[in-house]
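Work through the exercises below with the sequence and the 3D view at hand. Try each task before reading its solution.

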Amino acid sequence: MNETLERTGFKGRVKSAIDSFGLPRLIIACFLLLLFVMAPIVGADFATQITNTLNRFSWNAVLVLAMVPMIHSGCGLNFGLPLGIISGLLGATLSIELGFTGGFSFVMAILLATPFAILFGVGYGWLLNKIKGGEMMIATYVGFSSVSLMCMMWLLLPYHSPTMVWGLAGKGLRTTISLEGFYDKVLANFLKISIGNLSIPVGTILFFAVLAFAMWAFLHTKTGTAMTAVGSNPTFAKAAGVNVDKMRMLSVVMSTWLAAIGILVYEQGFGFIQLYMAPFNMALPAVSAILIGGASVNKASITNVIIGTFLFQGIVTMTPTVMNSMIHMDMSEVIRIIVSNGMILYALTRKTEGSK
(Lines give C-alpha, C1' and ligand atoms only; values in the text may rest on other atoms or scores of the structure.)
Protein backbone atom coordinates (compact mmCIF):
# COMPACT_ATOMS: atom_id res chain seq x y z
CA MET A 1 0.00 0.00 0.00
CA ASN A 2 2.76 2.43 0.98
CA GLU A 3 4.72 1.48 -2.14
CA THR A 4 1.66 2.21 -4.30
CA LEU A 5 1.19 5.61 -2.64
CA GLU A 6 4.89 6.42 -3.15
CA ARG A 7 4.66 5.53 -6.84
CA THR A 8 1.48 7.54 -7.20
CA GLY A 9 3.06 10.47 -5.40
CA PHE A 10 6.19 10.30 -7.55
CA LYS A 11 4.13 10.10 -10.75
CA GLY A 12 2.00 12.99 -9.55
CA ARG A 13 5.08 15.12 -8.88
CA VAL A 14 6.52 14.29 -12.30
CA LYS A 15 3.22 15.10 -14.02
CA SER A 16 2.97 18.34 -12.06
CA ALA A 17 6.53 19.29 -13.06
CA ILE A 18 5.82 18.54 -16.73
CA ASP A 19 2.58 20.54 -16.63
CA SER A 20 4.38 23.43 -14.96
CA PHE A 21 7.22 23.52 -17.49
CA GLY A 22 4.92 22.72 -20.40
CA LEU A 23 5.03 19.59 -22.57
CA PRO A 24 5.81 21.52 -25.81
CA ARG A 25 8.79 23.26 -24.16
CA LEU A 26 9.96 19.94 -22.72
CA ILE A 27 9.90 18.34 -26.20
CA ILE A 28 11.81 21.28 -27.72
CA ALA A 29 14.33 21.22 -24.85
CA CYS A 30 14.87 17.47 -25.31
CA PHE A 31 15.38 17.96 -29.05
CA LEU A 32 17.94 20.72 -28.36
CA LEU A 33 19.72 18.46 -25.88
CA LEU A 34 19.77 15.71 -28.51
CA LEU A 35 21.39 18.13 -30.98
CA PHE A 36 24.08 19.00 -28.43
CA VAL A 37 24.75 15.28 -27.86
CA MET A 38 24.89 14.56 -31.60
CA ALA A 39 27.16 17.52 -32.43
CA PRO A 40 30.48 15.88 -31.41
CA ILE A 41 29.32 12.52 -32.80
CA VAL A 42 28.85 13.94 -36.32
CA GLY A 43 32.12 15.89 -36.13
CA ALA A 44 30.94 19.36 -35.06
CA ASP A 45 33.01 21.01 -32.35
CA PHE A 46 30.95 21.00 -29.14
CA ALA A 47 32.58 24.08 -27.59
CA THR A 48 32.03 26.09 -30.77
CA GLN A 49 28.34 25.17 -30.83
CA ILE A 50 27.90 26.21 -27.19
CA THR A 51 29.61 29.51 -28.02
CA ASN A 52 27.37 30.12 -31.04
CA THR A 53 24.23 29.37 -29.01
CA LEU A 54 25.26 31.68 -26.15
CA ASN A 55 26.17 34.43 -28.62
CA ARG A 56 22.83 34.29 -30.41
CA PHE A 57 20.98 34.14 -27.10
CA SER A 58 22.74 37.26 -25.82
CA TRP A 59 22.18 39.18 -29.09
CA ASN A 60 18.44 38.44 -29.26
CA ALA A 61 17.35 38.38 -25.61
CA VAL A 62 16.67 42.13 -25.29
CA LEU A 63 14.45 42.09 -28.39
CA VAL A 64 12.41 39.30 -26.78
CA LEU A 65 12.32 41.20 -23.48
CA ALA A 66 10.68 44.09 -25.37
CA MET A 67 7.53 41.93 -25.65
CA VAL A 68 6.90 41.86 -21.89
CA PRO A 69 5.48 45.37 -21.18
CA MET A 70 2.84 45.28 -23.92
CA ILE A 71 1.75 41.76 -22.98
CA HIS A 72 1.31 42.85 -19.36
CA SER A 73 -0.80 45.87 -20.30
CA GLY A 74 -3.12 43.85 -22.53
CA CYS A 75 -1.80 45.29 -25.81
CA GLY A 76 -0.82 41.79 -26.92
CA LEU A 77 2.24 40.63 -28.80
CA ASN A 78 4.25 43.50 -30.25
CA PHE A 79 4.28 42.80 -33.97
CA GLY A 80 5.16 46.49 -34.37
CA LEU A 81 8.66 45.78 -33.05
CA PRO A 82 10.26 47.20 -36.24
CA LEU A 83 9.16 50.65 -35.08
CA GLY A 84 11.49 50.36 -32.08
CA ILE A 85 14.18 48.79 -34.23
CA ILE A 86 14.05 51.80 -36.56
CA SER A 87 14.54 54.06 -33.52
CA GLY A 88 17.68 52.09 -32.68
CA LEU A 89 18.93 52.28 -36.27
CA LEU A 90 18.44 56.05 -36.26
CA GLY A 91 20.42 56.28 -33.03
CA ALA A 92 23.19 54.07 -34.43
CA THR A 93 23.56 55.97 -37.71
CA LEU A 94 23.42 59.37 -35.99
CA SER A 95 26.11 58.25 -33.53
CA ILE A 96 28.40 57.43 -36.46
CA GLU A 97 27.41 60.58 -38.36
CA LEU A 98 28.33 62.75 -35.37
CA GLY A 99 31.78 61.18 -35.18
CA PHE A 100 31.58 59.17 -31.97
CA THR A 101 33.90 56.15 -31.91
CA GLY A 102 34.67 53.12 -29.78
CA GLY A 103 32.50 52.10 -26.87
CA PHE A 104 31.30 55.68 -26.39
CA SER A 105 29.51 55.46 -29.74
CA PHE A 106 27.34 52.67 -28.26
CA VAL A 107 26.36 54.88 -25.31
CA MET A 108 25.57 57.76 -27.66
CA ALA A 109 23.58 55.47 -29.95
CA ILE A 110 21.36 54.56 -26.97
CA LEU A 111 20.95 58.22 -25.97
CA LEU A 112 20.19 59.33 -29.54
CA ALA A 113 17.74 56.46 -30.10
CA THR A 114 15.77 57.24 -26.92
CA PRO A 115 13.94 60.39 -28.15
CA PHE A 116 12.90 58.58 -31.34
CA ALA A 117 11.70 55.57 -29.33
CA ILE A 118 9.63 57.81 -27.04
CA LEU A 119 8.17 59.78 -29.96
CA PHE A 120 7.33 56.70 -32.02
CA GLY A 121 6.09 54.87 -28.92
CA VAL A 122 3.68 57.65 -28.00
CA GLY A 123 2.25 57.75 -31.54
CA TYR A 124 2.07 53.96 -31.68
CA GLY A 125 0.42 53.81 -28.23
CA TRP A 126 -2.12 56.46 -29.21
CA LEU A 127 -3.06 54.41 -32.27
CA LEU A 128 -3.41 51.17 -30.26
CA ASN A 129 -5.62 52.93 -27.72
CA LYS A 130 -7.96 53.87 -30.57
CA ILE A 131 -8.40 50.31 -31.79
CA LYS A 132 -8.61 48.22 -28.62
CA GLY A 133 -9.17 44.56 -29.45
CA GLY A 134 -7.33 44.59 -32.77
CA GLU A 135 -3.88 45.59 -31.53
CA MET A 136 -1.86 42.74 -32.99
CA MET A 137 -3.29 43.10 -36.50
CA ILE A 138 -2.76 46.87 -36.54
CA ALA A 139 0.72 46.43 -35.01
CA THR A 140 1.70 44.18 -37.92
CA TYR A 141 0.75 46.86 -40.47
CA VAL A 142 2.51 49.56 -38.41
CA GLY A 143 5.70 47.49 -38.37
CA PHE A 144 5.65 46.66 -42.07
CA SER A 145 4.69 50.16 -43.24
CA SER A 146 7.32 51.86 -41.05
CA VAL A 147 10.04 49.68 -42.57
CA SER A 148 8.84 50.54 -46.09
CA LEU A 149 8.74 54.25 -45.27
CA MET A 150 12.28 54.16 -43.89
CA CYS A 151 13.51 52.52 -47.10
CA MET A 152 12.87 55.91 -48.73
CA MET A 153 14.13 57.93 -45.76
CA TRP A 154 17.51 56.15 -45.67
CA LEU A 155 18.06 57.52 -49.17
CA LEU A 156 16.74 61.02 -48.47
CA LEU A 157 18.07 61.87 -44.99
CA PRO A 158 21.10 64.21 -45.08
CA TYR A 159 23.84 61.84 -43.93
CA HIS A 160 27.40 62.67 -45.03
CA SER A 161 29.69 60.24 -43.20
CA PRO A 162 31.87 58.44 -45.79
CA THR A 163 31.59 55.33 -43.61
CA MET A 164 27.87 55.10 -44.36
CA VAL A 165 26.94 56.85 -47.64
CA TRP A 166 27.24 55.38 -51.10
CA GLY A 167 30.66 56.24 -52.48
CA LEU A 168 29.84 57.49 -55.99
CA ALA A 169 26.51 59.17 -55.30
CA GLY A 170 27.67 60.76 -52.05
CA LYS A 171 24.20 60.47 -50.54
CA GLY A 172 21.90 57.74 -49.35
CA LEU A 173 22.99 55.13 -46.83
CA ARG A 174 24.50 51.80 -47.74
CA THR A 175 22.58 48.59 -47.13
CA THR A 176 25.22 47.29 -44.73
CA ILE A 177 27.44 49.50 -42.56
CA SER A 178 30.47 48.09 -40.74
CA LEU A 179 30.84 48.90 -37.05
CA GLU A 180 34.61 48.40 -37.05
CA GLY A 181 36.11 51.31 -35.16
CA PHE A 182 32.76 52.07 -33.54
CA TYR A 183 30.92 49.73 -31.16
CA ASP A 184 31.72 46.39 -32.80
CA LYS A 185 31.67 43.69 -30.04
CA VAL A 186 31.71 46.40 -27.35
CA LEU A 187 29.59 44.24 -25.03
CA ALA A 188 30.62 40.83 -26.36
CA ASN A 189 34.31 41.47 -25.60
CA PHE A 190 33.66 43.01 -22.17
CA LEU A 191 34.63 40.47 -19.45
CA LYS A 192 34.59 37.74 -22.12
CA ILE A 193 35.65 34.31 -20.86
CA SER A 194 37.60 32.19 -23.37
CA ILE A 195 38.53 28.57 -22.71
CA GLY A 196 39.85 26.98 -25.88
CA ASN A 197 37.08 27.20 -28.47
CA LEU A 198 34.52 28.02 -25.79
CA SER A 199 33.75 31.74 -25.50
CA ILE A 200 31.19 33.21 -23.10
CA PRO A 201 29.99 36.78 -23.86
CA VAL A 202 29.70 37.79 -20.20
CA GLY A 203 29.30 41.50 -20.98
CA THR A 204 26.31 41.03 -23.28
CA ILE A 205 24.64 38.59 -20.90
CA LEU A 206 25.19 40.99 -17.97
CA PHE A 207 23.70 43.85 -20.00
CA PHE A 208 20.58 41.76 -20.65
CA ALA A 209 20.48 40.69 -16.99
CA VAL A 210 20.46 44.33 -15.85
CA LEU A 211 17.59 45.19 -18.20
CA ALA A 212 15.69 42.02 -17.22
CA PHE A 213 16.10 42.81 -13.51
CA ALA A 214 14.97 46.40 -14.12
CA MET A 215 11.86 45.09 -15.90
CA TRP A 216 11.15 42.61 -13.10
CA ALA A 217 11.58 45.36 -10.49
CA PHE A 218 9.32 47.72 -12.44
CA LEU A 219 6.55 45.12 -12.69
CA HIS A 220 6.61 44.88 -8.87
CA THR A 221 6.21 48.62 -8.37
CA LYS A 222 2.85 50.36 -7.94
CA THR A 223 2.89 51.48 -11.58
CA GLY A 224 3.88 48.01 -12.80
CA THR A 225 1.11 46.41 -10.77
CA ALA A 226 -1.38 48.90 -12.23
CA MET A 227 -0.13 48.01 -15.73
CA THR A 228 -0.64 44.30 -15.05
CA ALA A 229 -4.11 45.02 -13.67
CA VAL A 230 -5.01 46.86 -16.87
CA GLY A 231 -3.99 43.81 -18.89
CA SER A 232 -5.82 41.35 -16.63
CA ASN A 233 -9.07 43.26 -16.14
CA PRO A 234 -9.29 46.78 -17.60
CA THR A 235 -12.79 47.34 -16.24
CA PHE A 236 -11.69 46.57 -12.67
CA ALA A 237 -8.53 48.65 -13.12
CA LYS A 238 -10.57 51.63 -14.33
CA ALA A 239 -12.96 51.27 -11.37
CA ALA A 240 -9.93 51.29 -9.07
CA GLY A 241 -8.85 54.65 -10.45
CA VAL A 242 -6.18 53.50 -12.92
CA ASN A 243 -5.87 55.46 -16.17
CA VAL A 244 -6.12 52.54 -18.61
CA ASP A 245 -5.02 54.44 -21.72
CA LYS A 246 -2.04 55.97 -19.90
CA MET A 247 -0.82 52.55 -18.69
CA ARG A 248 -1.20 51.07 -22.15
CA MET A 249 0.72 53.95 -23.72
CA LEU A 250 3.50 53.62 -21.12
CA SER A 251 3.85 49.93 -21.95
CA VAL A 252 4.11 50.68 -25.67
CA VAL A 253 6.80 53.34 -25.08
CA MET A 254 8.76 50.91 -22.88
CA SER A 255 8.48 48.15 -25.48
CA THR A 256 9.58 50.49 -28.28
CA TRP A 257 12.57 51.72 -26.26
CA LEU A 258 13.65 48.16 -25.38
CA ALA A 259 13.42 47.22 -29.06
CA ALA A 260 15.70 50.17 -29.89
CA ILE A 261 18.23 48.99 -27.30
CA GLY A 262 17.79 45.40 -28.47
CA ILE A 263 18.79 46.14 -32.06
CA LEU A 264 21.91 47.99 -30.86
CA VAL A 265 22.91 44.93 -28.83
CA TYR A 266 22.17 42.75 -31.85
CA GLU A 267 24.33 44.95 -34.10
CA GLN A 268 27.34 45.04 -31.79
CA GLY A 269 27.32 41.24 -31.70
CA PHE A 270 27.26 40.84 -35.48
CA GLY A 271 29.55 43.79 -36.13
CA PHE A 272 27.48 45.67 -38.70
CA ILE A 273 24.26 47.64 -39.21
CA GLN A 274 21.70 46.47 -41.76
CA LEU A 275 19.17 48.96 -43.10
CA TYR A 276 16.28 49.07 -45.59
CA MET A 277 14.29 45.78 -45.47
CA ALA A 278 16.43 44.09 -42.78
CA PRO A 279 14.02 44.85 -39.87
CA PHE A 280 10.97 43.69 -41.85
CA ASN A 281 10.53 40.27 -40.24
CA MET A 282 12.48 40.75 -37.01
CA ALA A 283 9.31 40.78 -34.88
CA LEU A 284 8.43 37.18 -35.74
CA PRO A 285 11.43 35.44 -34.09
CA ALA A 286 11.00 37.59 -30.97
CA VAL A 287 7.27 36.84 -30.76
CA SER A 288 7.90 33.13 -31.32
CA ALA A 289 10.67 32.97 -28.73
CA ILE A 290 8.54 34.37 -25.91
CA LEU A 291 5.59 32.13 -26.86
CA ILE A 292 7.83 29.06 -26.91
CA GLY A 293 9.12 30.19 -23.52
CA GLY A 294 5.62 29.79 -22.09
CA ALA A 295 4.06 33.23 -22.44
CA SER A 296 0.57 33.88 -23.76
CA VAL A 297 -1.04 36.94 -25.32
CA ASN A 298 -1.84 38.33 -21.85
CA LYS A 299 0.77 36.80 -19.55
CA ALA A 300 4.58 36.86 -19.71
CA SER A 301 7.51 36.70 -17.32
CA ILE A 302 11.28 37.15 -17.42
CA THR A 303 11.60 33.36 -17.15
CA ASN A 304 9.55 33.00 -20.35
CA VAL A 305 11.98 35.38 -22.07
CA ILE A 306 15.09 33.48 -20.98
CA ILE A 307 13.77 29.97 -21.68
CA GLY A 308 12.15 30.92 -24.98
CA THR A 309 15.15 32.81 -26.34
CA PHE A 310 17.56 30.03 -25.44
CA LEU A 311 15.36 27.28 -26.93
CA PHE A 312 14.55 29.19 -30.12
CA GLN A 313 18.10 30.40 -30.81
CA GLY A 314 19.57 27.06 -29.75
CA ILE A 315 17.44 25.13 -32.24
CA VAL A 316 18.05 27.65 -35.03
CA THR A 317 21.81 27.57 -34.38
CA MET A 318 22.33 23.86 -33.82
CA THR A 319 20.04 22.23 -36.40
CA PRO A 320 21.83 23.49 -39.57
CA THR A 321 25.26 22.63 -38.13
CA VAL A 322 24.33 19.09 -37.13
CA MET A 323 22.42 18.45 -40.37
CA ASN A 324 25.30 19.75 -42.52
CA SER A 325 27.75 17.50 -40.69
CA MET A 326 25.46 14.50 -41.17
CA ILE A 327 24.76 14.93 -44.89
CA HIS A 328 28.10 16.58 -45.76
CA MET A 329 26.44 19.31 -47.80
CA ASP A 330 26.29 23.06 -47.22
CA MET A 331 22.56 23.60 -46.80
CA SER A 332 22.80 25.61 -43.60
CA GLU A 333 20.80 28.63 -44.82
CA VAL A 334 18.02 26.50 -46.30
CA ILE A 335 17.77 24.41 -43.12
CA ARG A 336 17.87 27.53 -40.92
CA ILE A 337 14.99 29.09 -42.85
CA ILE A 338 12.91 25.90 -42.66
CA VAL A 339 13.56 25.43 -38.93
CA SER A 340 13.10 29.07 -37.91
CA ASN A 341 9.90 29.52 -39.93
CA GLY A 342 8.63 26.16 -38.68
CA MET A 343 9.15 27.23 -35.07
CA ILE A 344 7.52 30.60 -35.76
CA LEU A 345 4.49 28.83 -37.24
CA TYR A 346 4.34 26.42 -34.31
CA ALA A 347 4.58 29.24 -31.75
CA LEU A 348 1.88 31.36 -33.38
CA THR A 349 -0.57 28.44 -33.46
CA ARG A 350 -0.12 28.12 -29.68
CA LYS A 351 -0.36 31.85 -28.90
CA THR A 352 -3.21 31.42 -26.44
CA GLU A 353 -1.43 28.83 -24.34
CA GLY A 354 0.73 30.05 -21.51
CA SER A 355 2.63 28.28 -18.80
CA LYS A 356 0.50 27.13 -15.94
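**Exercise 1.** In which helix is Ser105 found? Then decide whether Ser105 is buried or exposed.

*Solution.* The model is predicted.
Step 1: Ser105 belongs to helix α6, which covers residues 102-130.
Step 2: a residue counts as buried when its relative accessible area is under 20%.
Step 3: Ser105 has 0% relative accessibility, so Ser105 is buried.

**Exercise 2.** With which residues is Ser105 in contact, leaving aside its neighbours within four places in sequence? Which backbone nitrogen lies 3.4 Å from a polar atom of its side chain?

*Solution.* Step 1: apart from those neighbours, Ser105 is in contact with Ser95, Phe100, Phe182 and Tyr183.
Step 1: the backbone nitrogen is that of Tyr183, at 3.4 Å from a polar side-chain atom of Ser105.

**Exercise 3.** Describe the whole chain in numbers.

*Solution.* Step 1: the chain has 14 helices and four strands.
Step 1: it has 356 residues, and 47% of them count as buried.
Step 2: its accessible surface is about 16800 Å², with 70% belonging to carbon and sulfur atoms.
Step 3: of the contacts between residues at least 6 apart in sequence, 77% join residues at least 24 apart.

Technical notes. Residues numbered from 1 in each chain as written. Predicted model: local features only at pLDDT ≥ 70, side-chain atom pairs only at ≥ 80, totals over all residues. Heavy atoms only, no water. Helix = DSSP H or I, 4+ residues; strand = E, 2+ residues; numbered from the N terminus. Buried < 20%, exposed > 50% of the residue type's maximum accessible area, 1.4 Å probe, protein only. Contact = heavy atoms within 4.5 Å. Areas by Shrake-Rupley, 256 points an atom, 1.4 Å probe, with all protein chains shown as cover. Polar contact = N/O pair within 3.5 Å; in protein donor to acceptor, adjacent residues only side chain to side chain.
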